[in-house]
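The report below was prepared for a reader who wishes to inspect a protein chain alongside its coordinates.

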Amino acid sequence: DAAAAAEAEEPEPAAAAAAVEEDTLEEKDEGDGEHAPANILAQVKAVDAESENASVKVGGRHVPISLIESSEMIAVAHPTLMRLIIRNSNQMSRIFRHYGEDDAMKLDTLQTLARDMDIVPTICSRHQLAEVFTIVNASEASDGIGDTLDAEEFSEVMVRVGCYYSPGEYDLEKSEDVVRAVETLLMHMNESMGAAALVPPLKFSASKKRGKRR
């Protein structure tokens with residue numbers, strides 16, 4: 001009868017909860033506040049880059065123009081960050097090879113990786129990630145191919161996502177805080193289901209803390 005049919009069509013509680021959670025994630029992904037599309041490039045154009053301490057607000061923090069419009073990869077200008085990237089180069093290569101194809105990674109593949117590694121929507125939205133993808137491909141340090149990332153550009157995307165969106169307080173005028181922001185993202189990725197699913201599990205290393213010389 002009609003009552004039995006209606007009861008049969010009613011979703012199981014677990015399925016209903018999963019659907020609600022997925023809707024919530026999508027709302028957060030599209031959402032506002034810190035997860036709203038940043039329009040970083042539009043902000044940069046509106047700022048006088050020659051002014052002292054020029055910056056734009058991204059993800060709730062002030063990001064120096066030098067970390068957005070750069071003629072070289074950010075790590076090149078920050079030796080301590082370069083050491084962190086080199087320390088984790090094998091893990092970066094693993095994840096790039098796992099998700100990439102023919103030594104390249106498209107935006108949709110990057111979005112899949114970001115979901116698996118709990119970057120989207122926890123750290124940033126898919127719109128914000130797409131904008132970082134565009135910024136890296138538009139930089140003078142890119143390979144000139146605007147619709148994919150090579151391995152070095154992928155590493156730069158991870159660096160910029162960390163700088164722009166990692167949770168916490170950072171003064172990005174300071175090199176040590178740039179490193180901390182990127183390190184926070186890598187440690188966050190370590191705890192994701194995507195990292196655990198790789199064989200062996202993906203495990204980024206923290207930077208070495210140098211003690212004071214005596």
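What percentage of the 214 residues of the protein chain count as buried? The share is 42%, where buried stands for under 20% relative accessible area, exposed for over 50%, and partly exposed for values in between (1.4 Å probe, protein chains only). The model is a predicted one, in which local features need pLDDT of at least 70 and side-chain atom pairs count only at pLDDT 80 or more, while totals for chains, interfaces and linings use all residues. Residues are numbered from 1 along each chain as its sequence is written, and side-chain values use heavy atoms, with hydrogens and water left out.

The protein chain contains eleven helices and four strands, these being DSSP runs numbered from the N terminus (H or I of at least four residues for helices, E of at least two for strands). Its accessible surface comes to about 12100 Å², of which 50% belongs to carbon and sulfur atoms; the areas come from the Shrake-Rupley method with a 1.4 Å probe, and for residues only the protein chains shown count as cover. Among the contacts (heavy atoms within 4.5 Å) with a separation of 6 or more, 62% are between residues 24 or more positions apart.

Two helix pairs are set out in the table, with axes taken as lines fitted to C-alpha atoms over the stretch in contact and angles running from 0 to 180 degrees between N-to-C directions.

| Helix pair | Angle between axes | Axis distance |
|---|---|---|
| α8 and α9 (residues 151-165) | about 125° | 9 Å |
| α5 (residues 79-87) and α10 | roughly 20° | within 9 Å |

At their angle, α5 and α10 are therefore roughly parallel to each other, and their crossing is right-handed. On the α5 side the contact is made by T80, L81 and L84, which meet V178, V179, V182, E183 and L186 of α10. By contrast, α8 and α9 are oblique to each other, given that angles under 35 degrees count as roughly parallel, over 145 as roughly antiparallel, 65 to 115 as roughly perpendicular and the rest as oblique. The crossing of α8 and α9 is right-handed, the term used if the near helix is turned clockwise from the far one by less than a right angle, anticlockwise being left-handed. Residues of α8 in this contact include L129, V132, F133 and V136, and those of α9 include V157, V161 and Y164.

E183 belongs to helix α10 (residues 175-190) and counts as buried because its relative accessibility is 11%. The side chain of E183 reaches the backbone nitrogen of S207 at 2.6 Å.

Some backbone details also deserve attention. Most residues other than glycine have a negative phi, and most peptide bonds are trans. D103, in the loop between α6 (89-99) and β3 (105-106), has a positive phi near 60° and counts as exposed because its relative accessibility is 68%. D118 likewise has a positive phi near 60°; D118 lies in the loop between α7 and α8 and, at 30% relative accessibility, counts as partly exposed.

Which peptide bonds are cis, beginning with the one that leads from V120? The bond from V120 to P121 is cis, with omega near 5°, and P121 sits in the loop between α7 (107-116) and α8 (126-138). A cis peptide bond also joins V199 and P200, with omega about -10°, and P200 is found in the segment after α11 (193-197).

Key: Polar contact = N/O pair within 3.5 Å; in protein donor to acceptor, adjacent residues only side chain to side chain.
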